[in-house]
Amino acid sequence: MNVAKVKKIIWILFKYATLILGAFISVLPVVVCVITAFKTPEEYASTNVMTLPQSWTYFDNFIEAWQKANMGLAFRNSIIILFFVLIGSILTGSMLAYILNRFKFFGNGIIRNLFLFASLLPGIAMQVSVYQIMYSLHLINSLPGYIILMCGTDVISIYIFIQFFENIPTSLDESAILDGCTYFGIFFKILFPLLKPAVVTVMILKGVGTYNEYYTANLYLQDKNKYVTVATSLFKFTGPLGNQYNYICAGVIITMLPALIIFILCQKQIYSGLTQGAVKG
C-alpha cells in the first residue's frame with residue numbers, strides 16, 4: 001500500500017471521527033433532557049443525568065410543567081408575536097430592500113453602511129437607550145410594544161432581500177412601468193412573488209430567533225402572569241432554593257415539539273429557501 005493511499009484513508013477516518021464527535025456533542029444535551037424529563041422527583045434527586053428512568057410512561061412532569069408554567073397562555077402569546085413579527089419583518093425588510101436596490105438617491109450608500117454598522121453592534125450594548133425609548137412611548141409590558149421592538153431589529157433580513165433583488169433583472173420593472181404599472185404594483189404584483197426563497201429564509205431565521213428569544217421578552221414583558229412567552233414560561237421552575245430540572249426538561253421538550261413538527265412537514269421548503277435565498281459572498 002503506497003503512502004498516498006494511507007494518507008487518504010487516515011484523512012477519511014479523521015473526517016468521519018470528527019463528524020461523529022460533533023454529532024455526539026450536539027445530541028448529548030437533548031438526550032440528557034429527554035432522560036431527565038421522564039424521571040420522578042425521587043429518581044432525579046438520587047441518580048445522575050445519564051441514568052435511564054425506571055419508566056418511560058411517567059408523564060406527570062409534562063403535566064406539571066404545562067400547568068404550573070401556564071404554557072397554554074405562553075404558546076398563545078408566542079403565536080401572536082410570531083405572526084405579527086414575521087409579517088412586519090417580511091414587509092418592512094422587503095420594502096426597504098426594494099428602495100435601496102432599485103432607487104439610486106443621495107445617501108443610499110450611507111443608509112446601507114448604517115444598517116451594516118447596526119448589525120455589528122451587540123444588542124445588549126444598546127439596551128439602556130432602547131429601554132428609555134420604550135419607556136417614554138409607554139410600550140413596556142405590552143405585546144404591541146414587544147412586537148414593534150422585534151420587528152425593528154432585523155437588519156439581516158434587509159440584506160437577504162437586497163442580495164436577492166440584485167439577482168432580479170431591472171428589465172421587469174421597466175416593462176411594467178411602460179405598461180402603466182405603479183411602483184407599488186411592481187413591488188406587490190411582480191417582484192414580491194419572486195422573493196419566495198428569500199421570504200422562506202427570513203421566516204426561518206426570524207421565526208427561530210423570536211420563538212427562542214428570552215432576554216428581550218423577560219425585560220420588556222414584565223407581567224409574567226399575563227405576557228408570558230414560551231421562552232420565559234419555564235423560569236417559574238427556577239428559584240433561590242434550586243432549579244427543578246425535571247420539570248424544566250419536560251417543558252423544553254414541549255416547546256421543541258411544534259418546531260420539530262413544522263420542520264418535518266416543511267423541510268423541503270426550508271432547505272429550498274435556505275439554498276436559494278442565502279446571501280452570497
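## The largest pocket

By class, the residues that line the largest pocket comprise 23 nonpolar and five polar ones, with no charged residues among them. The model is a predicted one, and in it this pocket holds about 930 Å³ of space. Its lining is made up of 28 residues, and those lying nearest the centre of the pocket are Gly 207, Val 208, Tyr 211, Ala 259 and Ile 262.

Several helices take part in this lining, with at least two residues each coming from α4 (71-102), α11 (196-212), α13 (230-233) and α14 (245-276). The greatest contribution is that of α14, which provides eleven residues.

## A mostly covered helix

Helix α7, which spans residues 143-151, is mostly covered, since seven of its nine residues are buried. The buried residues are Leu 143, Gly 145, Tyr 146, Ile 147, Leu 149, Met 150 and Cys 151, and the elements that cover them include α4, α6 (127-136), α11 and α12 (215-220).

## Asn 246 in α14

Asn 246 belongs to helix α14. Is this residue buried or exposed? Asn 246 counts as buried because its relative accessible area is 4%, and the cut-off for buried is under 20%.

When neighbours within four places in sequence are left aside, the residues in contact with Asn 246 are Thr 36, Ala 37, Lys 39, Pro 41, Tyr 44 and Asn 61.

Methods
Residues numbered from 1 in each chain as written. Predicted model: local features only at pLDDT ≥ 70, side-chain atom pairs only at ≥ 80, totals over all residues. Heavy atoms only, no water. 1 Å grid on protein atoms, 1.4 Å probe; cavity = no way out; pocket = protein on both sides within 12 Å on 5 of 7 lines; lining within 4 Å. Points joined across faces, edges and corners; volume = space filled by probe spheres on them. Helix = DSSP H or I, 4+ residues; strand = E, 2+ residues; numbered from the N terminus. Nonpolar A, V, L, I, M, F, W, Y, C, P; charged D, E, K, R; others polar. Buried < 20%, exposed > 50% of the residue type's maximum accessible area, 1.4 Å probe, protein only. Contact = heavy atoms within 4.5 Å.
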